[in-house]
Each structure stands twice: as structure tokens, then as C-alpha cells.
Amino acid sequence: MRVSKPLLILLFSIYLFAAFFNLGKMYFQHEEPRRAIIALEMNYTHDYITPHVLGRDYFRKPPLHNIVIAMFFKLFGENEFSARAVSVLSMFGILLLILLLLKDTLGLEAGLFGAFSFGLSYIAYFHYGMLAETDMFFSFLLFASMVCIFYERIFLGSVITALALLTKGLPALHYFYFTLLSFAIIRKNKKLILSENTILGGFFIVGLFTGWLALVSKGDIHRFNYALGFIIQASGSRVLSIERIGDAVGHFLFFPLNFFIHYLPFSLTLLLFIDRSIRDGFKELLKSEPQIKRLFDFFLAAFIPNFLVYAILPDGRSRYALVLFAVIAIVLGILYYELEYTETLNFKKIISWFLIFEVFLFLVGFVFCAEFVKNPSYLGCLLGIITAATGIFILKKELTQPFGLLLGLVILSVSLKFLFDATYKGYLYSYYTNYRKIGGDLAKIVLQERPKYVMTDGGNLRLFFYLERGLKMQMHPINRKRKGVIITRNKNLIKKLITKVELPDHIYYVGKN
């Protein structure tokens, strides 16, 4: 079936709308405020080379992701939406790269299936694609560099790898070079390894990374080693996590299951390989279609060695392998291509029952939302129930079974996203401490003192992001030689108390030294 342009626009529209729905509503959580603070301080100090957190050097990760967030802060305001939009757009970028990679060989429908399998996965669409953390932006650069290997644009891939190295450090190297080496071996193409572009690309990677370290060090070799040591330690700590063989074996056995769960709902289609006729048809397809075989070889080269890295290391988490969720989309695209020419299960009927169950969940969600007096989320439930009901109606139309599978899974995932935002995230929003308000109010109190310096010994970064945003200045480490306002958990550092803030973790005292 050829996808009509209006239907294609509809698919992407509901996908995009749900991705941005309430994106900036939830306060920063987990590692988000750290990324946002670094970006704020870059804009306040105009130093985009050295990352700082509350005036202190921060070298556990290089600065590129923070630079991009800082740019978005300048364009769209210093808020949660701007910081998280970087990850959302990176997710869109991966989706489009998958589509471009697959559609010429497998067709538009198979390309869409592969693209949406990543773009609607739990780990991307419900989690790291919606957070102001480094993982999705890093994965976009990694996947772009891998795609360059497939097209044998090795120097361009090296340039993108260098950017990935300046985003999250050394893992960028194993993703690129393990894939390059494996693809060269599988395809029996020595030129990929020994080419002039590969060598020049390696020099470019080393040169750009060393150049950044040189700028950070400002000619001080001890500072150079300090920055490099932190980056090596951040990556090497995962290797050092192997302490007990039992933990390593347990992690190795359960990591694939964890990967499968994070790839829901599209990972369920991998269960079709249980059917022997599907397996045989897949093998026959690889034998008869050289271009599809090349795609599959690329999947093997990119997925297996890099997956093993995080399956073997006990500290390997699914988010460290986020880019591999995009790589496995290649297999799902090929599987969809096979289903277009074979007799398959009644996907439309199965997914229709799932959507009917979703409608029931939304009705429960309406009752659940009533519990949130502070933050009712009826709009999300309403949008979700409309989306699910529309999907039930469309699946009754004359559609091929594979296209019904694609359309149904898109509708299923998008409607669940609305439910997720309306209920679970709505609950978090009403339950968590409102650091946005506390930090903003505290900033007003501090500014009344007209301080030249605002100093702190650190603590809750969720509080300090909103405080620093309200102050419109970089905060500094406490220095007894400087006069200003101090915000600390240690009351003894303050001579004149102005106010105190009681939070769930600590009491923060605000005063002058």
C-alpha cells in the first residue's frame, strides 16, 4: 500500500504534538538541573569552553550538549521547555535518519515502521527524549556517525564522532570504531580501515579533542591532566564496576530482557520470529536481495559489539546503549518489508482490542485526575481518548495487515503518551517539591541585598537552577575574602542571617559573611 500524503502528515502531526505536549510543565529532575545550570553559567559568563556548576569547574562531561542548551536558552528563554527541546529534536533527527536509511532499499512504509519503532519506544518517547539530559543528543551524533559508515563517508563520520566525543567523552570512540571495524570484516572491505579518510578522520578526532583540552587548561599542564583525568574516570568507572562474577553474569542474562522492555511496544513484533515461516522468509530475503543483506550486515556490525560492551559491564544501563535502539530499527524495517508479501496474523483486530482497553484506561484516568486538586490533567486524558477512538475507527477501514500494524502501534503509543503525561507525570507535578517557586522567591529576597557576589557550598541543584535563573548571575564557591550573600547548609558560615529555606533534604541558610 502506498502511504497517502494526508495520512503521512497526520501520523507525524500527532506524533510531534504529543512529544511537545506539556514538555516544559514538570520541574527539572535527576541530572537535568546540572545540564541547565552549566548552560545558564555559559550565557552569564560568556565562557562556552569550560563547563561550570555554581562557579566550580565540571569536567565529568565535555561541554557540547551544554553549549546547545545555552543557545536554546538564548532563543526560547531560560526554561524547562528550551532545555528539553534539544533532546526532543535529537530524537526527531534519529527518526529521520532511520527513515532515510531504510526507505530507498525497503520502501517508505518499511522505513516509517523502522523510524517509528525507535521514535515511539518507551525509552525514547516516554523518557530520555523528553529530558534535558545528554543521552539523546549524544545518541543522535552517534547514529549519524554510524550511518556515515554505511555510506562509506568515513571522514564525515569521524567529524561527527569528534562532536560526540565533545558531548559525552570516550564512549563515542568505541561506538564508531567498533562499528567501522566490524562492518569492514563482515563486508570484507579492508579499505574502510586503511583508507586515507579513516586515518585523517582519526587525526581530526584527536586534534579537536586535544584542542578543547588545551583551551580548557589555558597552558597549565596540571589543569590539562585534571580535565582529562575526570573524563577518563567517568568512562572507566563502568569497567571498574566488575567486582563479582555473579553480578556480571546476572546482568549479562537480564540486560537483553531490559532492552526488550525499554523498546516496547514495537519490540513485540520481534516475537514474530518465533514463527518458523517468518524466520525462513527473512533468511530468504537476505539471500535474494543484496542491498537488504548489506543493511542487515550493517545492523550486525553496529549492534553486536557495542551491545556486548554494556551487556558485559554490570554498570551498563539501557540509556548507555540508547543509540542501539535506533540500530535495531533496521531489523524491524526488514521484518515489515517481509510482512508486506506474506500472510500474517490479524494485526488490526489485535491492536483494536488494545485500543479499546486504552479507552477504558483513559476513563479510569479521568477519575484518577480528580485526585489532583492542584493540577487536574483532564486535557491529556481527553486528547488520549480521542486519539485511541480515532485509531479504532481507522483500523476498520480497508488497510493491509502490515500497514494496520504500523498505524495501530503509532496510535497506541501516542495515546499512551497522553495518558502517561496526564496521570503519572501529573501526579509527580503535584507531589514533588515546587523548586521553581521556592528558587524564584529566594532570588527576590537575595536581590534585595544588592549583592556583588552570591556564594554557596553547593547542594540541591534543582533549587540552585531556579535560584540562579532568578538572580541572572553566576553563583560562586564560598570565599571568606569576598563579601556577599551566602547560601549554605552550614549555619556557622554566616554572620548575619537573612532567611532560611526548609526543604525535604536540608535546611538552607541565607545570610552575609
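This text goes through the salt bridges of the structure and then turns to one leucine.

The model is predicted, so local features need pLDDT of at least 70 and side-chain atom pairs count only at pLDDT 80 or more, while totals for chains, interfaces and linings use all residues. Residues are numbered from 1 along each chain as its sequence is written, and side-chain values use heavy atoms, with hydrogens and water left out.

The structure holds 17 salt bridges. A salt bridge here is a side-chain nitrogen of Lys or Arg within 4 Å of a carboxyl oxygen of Asp or Glu. One of them joins Glu31 to Arg34, with 2.9 Å between the closest N and O atoms. These two residues also belong to a network of salt bridges that links Glu31, Arg34 and Arg35. Accessibility is given in three classes: buried means under 20% relative accessible area, exposed means over 50%, and partly exposed lies in between (1.4 Å probe, protein chains only). Glu31 is partly exposed because its relative accessibility is 28%. Arg34, at 21%, also counts as partly exposed.

A second salt bridge is formed by the side chains of Lys168 and Asp135, at 2.8 Å from N to O. This pair links distant parts of the chain, since Lys168 is in helix 8 (residues 154-168) and Asp135 is in helix 7 (residues 135-150), 33 residues apart. Helices are DSSP runs of H or I with at least four residues, strands are runs of E with at least two, and both are numbered from the N terminus. Lys168 has a relative accessibility of 8% and therefore counts as buried. Asp135 is buried as well, with a value of 3%.

Leu361 and Leu416 are 55 residues apart in sequence, and their C-alpha atoms are 9.3 Å apart in space.
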